[in-house]
Amino acid sequence: MAEVVFRDLAERQGLGSRIISRSAGTGDWHLGERADHRTIDSLSRRGYDGSQHRAKQFTLASFAENDLIVALDRTHERILREWAMDEDQEGKVTLLLAFDPDASTHDVPDPYYAGTDMFDSVLGMIETATRGLFRQLEPALRLPRTPRI
């Protein structure tokens, strides 16, 4: 959900070409599979397209490939920090809900074992926090690109 929401927000702001947003799990349980149909349905009800998503796994190479690594809960945050090889990599890891000053928790709940309403509720949390994250990143994304030598 978070990848789809963030990508959609960047595209709508005309900054889609300036970001790469990738979702990856810390385990290999669902590699290559589509998102749960309830996730796709929840996204669709709010105007997002999650149909192209396929599960990928976070690897050690992901630290070098990403400027920011956003975990949805403290368990994943802890795992990612443990995998980090140095302070720079560890410093890339943050929690999504840290970008929602009104969040009552640090963890985005996993709706997998809940009903449809929980998927919609989780999507709402993700949308709010993602807008906060985007507000933090947007000024840097709007800066002119400096040619690399």
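Analyst: The chain has an average pLDDT of 92, and 97% of the residues score at least 70, where pLDDT is the predictor's confidence in each residue, from 0 to 100. This is a predicted model, in which local features need pLDDT of at least 70 and side-chain atom pairs count only at pLDDT 80 or more, while totals for chains, interfaces and linings use all residues. Residues are numbered from 1 along each chain as its sequence is written, and side-chain values use heavy atoms, with hydrogens and water left out.

User: Which element has the lowest mean pLDDT, and which the highest?

Analyst: Among the elements of the chain, α6 has the lowest mean, 93, and strand β2 (residues 93-95) has the highest, 98. Helices (H or I, at least four residues) and strands (E, at least two) are DSSP runs, numbered from the N terminus.

User: OK, what about the largest nonpolar core, which residues touch the most other members?

Analyst: Those are M1, L43, I126 and F134, in a core of 22 residues. α1 (2-12) and α6 (116-142) each supply at least two residues of this core, and α6 gives the most, with eight residues. A nonpolar core is a set of buried Ala, Val, Leu, Ile, Met, Phe, Trp, Tyr and Cys residues joined through side-chain atoms within 4.5 Å. Buried means under 20% relative accessible area, exposed over 50%, and partly exposed in between (1.4 Å probe, protein chains only).

User: And what does I126 touch?

Analyst: Leaving out residues up to four places away in sequence, I126 touches M1, A2, V5, L72, L96 and V108, and contact here means heavy atoms within 4.5 Å.

User: How do α1 and α6 cross?

Analyst: Their axes come within 9 Å and cross at roughly 45 degrees; axes are lines fitted to C-alpha atoms, for helices over the stretch in contact, and angles run from 0 to 180 degrees between N-to-C directions. That angle makes α1 oblique to α6, because angles under 35 degrees count as roughly parallel, over 145 as roughly antiparallel, 65 to 115 as roughly perpendicular and the rest as oblique. Residues making the contact include V5 and L9 of α1 and I126 and F134 of α6.

User: Switching topic, is T39 buried or exposed?

Analyst: T39, which lies in helix α2 (residues 37-45), counts as buried because its relative accessibility is 12%. Not counting residues up to four places away in sequence, T39 touches M1 and F119.

User: Which residues of α1 are buried?

Analyst: In α1, the buried ones are E3, V4, V5, F6, L9 and A10, and what covers them includes α2 and α6.
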